[in-house]
Amino acid sequence: MRKLICVAVAAVLSSQIFVCEAKLNVPTIDDLPVLSLQNAQKTACSRTANYFLRAHYKPVELNKDFADDIIDQYLSFLDYNKSLYTKDEISKIYQNSDKILDAVSKCDLSYPLSLYNDNLKRRFLKYSFFVDYVKNPVDVSEKGQVEIDRRKSPYFSSQDEIRKQWVAEVKNEYINQVLNDKTDEKARERIKRRYEAALGRLAQTTSEDAFSTFENAFATAIDPHTSYLSPEDSESFNDDINLSLEGIGAVLSSEDEFTVINSLIPGSPAELSKKLKPKDKIVGVRQEDGSYEDIIGWRLTDVVKKVKGKKGTKVTLEIERGEGAGAKTFSVELVRDKIKLQERAAKGEVKTVDGNKVGVISIKSFYTDLNKDLKKEIAKLKRAKVRAMVIDLRSNGGGLLPEATLSTGLFIKDGPVVQIRDAVGNVLPQYDEDAGIDFDGPLVVLINRLSASSSEIMAAALRDYGRAIIVGDTSFGKGTVQQNRPLTRVYDFSNADLGSIHYTIAKFYRVSGLSTQLKGVSPDIAFPPLVDDSEFGERSEPNALAWDKIAPSDYKGFLNVDAYVNDLTRMHEERIKDDVAFKIMKEDMARYLKLKAEKSLSVNLEDRKKLQQEDEAYRLNAVNARLKSIGKKPIKDIKDLPEDFEFPDALLDEAAAIANDFASLIEQKRYLARTTPIFTRFSVSSVAEDHKASSGIDRQ
């Protein structure tokens, strides 16, 4: 797509450095592919429908209402911001519900594929409009508005209205560039390059893209956690669950026409080479057999295929560093290896609170063998003689259900951890069968709106057993269980990888009998929310399953933690009443909600400069207030704050303080006296119905 003309100037790093001039070849509308279903996708379509329609937890009736739900989801993928189709065109699409049902039941995808092919042309015309528009000066002196988020807005009535939206959108992008210190010429060039690259990626669209889009519209019309995964997505999912992959160990992203290195994984070939840095651009890839490909303008998924590979094989990356005509390129040869994603593994640390040691364990996902890592971290913290622990489950989206059960079992003696109910109503409790307890001291679990699935199982079980106080924000609220199933079968004659599917096979319930679906796990002590609950959480998802409850399990609790909540809440509120960080978090959310309510943004440059000045003044005041609170000098400009600077984690610190308070209160009541058991068992079946908290989600 883009060719490099290079002149060698030096030999460095066992390779050559070049000064390069690059030119991007922009496709025409005639270069767009006409996509059709391939044989492998026909097989995948049939098997996907079989599982979704016959094995899903939610019964599916193939009627017009369901077809309309599929169309809703399909259009949300094809025209996310409602700026490509008129109201009349959308109405005609909904009149073809019978063709949508044929696509599901007969795998006749001719109609949805025709919509996808037409959509490629519409996106091509929009991006071409942007490219042409910025060839001339952009007038941002007139008053005007752009509606940033049109998901809930009606479709436009005419092409003229659509064009006005396009103009407003490109003006908004231009203003954003100018407000980020770009000159007029550089701002317009940046937008031009961005959309020329987007045009190039449209020309690289494959039948798998179209197939995946429709199959996921079908899937999410059933429930939001059912999905089809392409062969590439299936591989990525398996890497994530196992916390390992084979490759070079660089985290990549797309930036305009470039593939950019975001970060290097510690201990990986990329990091150990000492030749690569974040922000380096990969412009070419040479394989061990000598084959070379210029990957400028390529889609990220296609680049990843070329960079990843089997352990022990070699790959040479052509790297561009710097900007403009003076950018230099050089080659780096790497030997691929097995990469352990250690930054995702559970990690423990010791915090000192009022002279006391409190352990903190961060769990980012429920991956394979998490319980073993968690066991090791608990042992380390016990050797450090911590008096209490915090389990940090913030933004943990879940993972493997067995790991949720095994990990929770490290903190309880034995008994059911979660109840699973299948589509026919059978209830199967998942038990911790190990009578040992790795840590039996005071426990606090920290959650937020993005804590989901297995996170909610663990948090809810520890709360229901009376093992932990829950602090933070109400969790996501996903109380469903998904099964992962590859679509390829051992007796397939073709070597084609058909991808895989996730589909909901059950719902899970707390041992108290309450569902975590929709409602999530409620904290005993609430912290300021950091995300808008109307945008995040199961309740914001279309086609989410309903909340309900079942009979409680037969289980025995440990400590009546309800007796401590009032005192802990009082101590918490006293501690944070003048806390700067908590005050700013509340102000940030109030300000965000106010700006969000306005729905549109000015495309007048002077108006936007005023808004930027107000925003920078607000952020500068907030930053300086926080700097002062930790004993650091104020800054004069928000840009003076180093990019890698991080404020102390106020929420985690407060969770540790609550854990310390919890330990003190227990000591006061002699629960930690050596001559008596740490916890007094009590039956919780009588309080199960009164428990207001709920938990939620497991992803397999």
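Mentor: A crossing is left-handed if the near helix is turned anticlockwise from the far one by less than a right angle, and right-handed if clockwise. Helices (H or I, at least four residues) and strands (E, at least two) are DSSP runs, numbered from the N terminus. The model shown is predicted: local features need pLDDT of at least 70, side-chain atom pairs count only at pLDDT 80 or more, and totals for chains, interfaces and linings use all residues. Residues are numbered from 1 along each chain as its sequence is written, and side-chain values use heavy atoms, with hydrogens and water left out.

Trainee: What is the handedness of the crossing of H16 and H17?

Mentor: The crossing of H16 and H17 is left-handed.

Trainee: Which quantities describe two packed helices?

Mentor: Two packed helices are described by the angle between their axes and the distance between the axes. Axes are lines fitted to C-alpha atoms, for helices over the stretch in contact, and angles run from 0 to 180 degrees between N-to-C directions. Here the axes of H16 (residues 580-597) and H17 (residues 605-629) cross at roughly 165° and come within 9 Å. H16 and H17 are therefore roughly antiparallel to each other. Angles under 35 degrees count as roughly parallel, over 145 as roughly antiparallel, 65 to 115 as roughly perpendicular and the rest as oblique.

Trainee: Which residues in H16 and H17 meet?

Mentor: Contact means heavy atoms within 4.5 Å. From H16, Val580, Ala581, Ile584, Glu587, Asp588 and Arg591 meet Glu614, Asp615, Tyr618, Ala622, Ala625, Arg626 and Ser629 of H17. By class, this contact has six nonpolar, one polar and six charged residues. Ala, Val, Leu, Ile, Met, Phe, Trp, Tyr, Cys and Pro count as nonpolar, Asp, Glu, Lys and Arg as charged, and the others, Gly among them, as polar.

Trainee: At what angle do H5 and H7 pack?

Mentor: H5 (residues 110-133) and H7 (residues 184-203) pack at about 160°, with their axes 9 Å apart. They are therefore roughly antiparallel to each other, and H5 passes H7 in a left-handed crossing. The H5 residues in contact include Leu120, Phe124 and Tyr127, and those of H7 include Tyr195, Leu199 and Leu202. The contact of H5 with H7 divides into nine nonpolar, one polar and three charged residues.

Trainee: How are H2 and H3 oriented to each other?

Mentor: H2 (residues 64-78) and H3 (residues 87-94) pack at an angle of about 135°, their axes 10 Å apart. H2 and H3 are therefore oblique to each other, and their crossing is right-handed. Lys64, Asp68, Ile71, Asp72 and Leu75 in H2 meet Ile90, Ile93 and Tyr94 in H3. That contact of H2 with H3 has five nonpolar, no polar and three charged residues.
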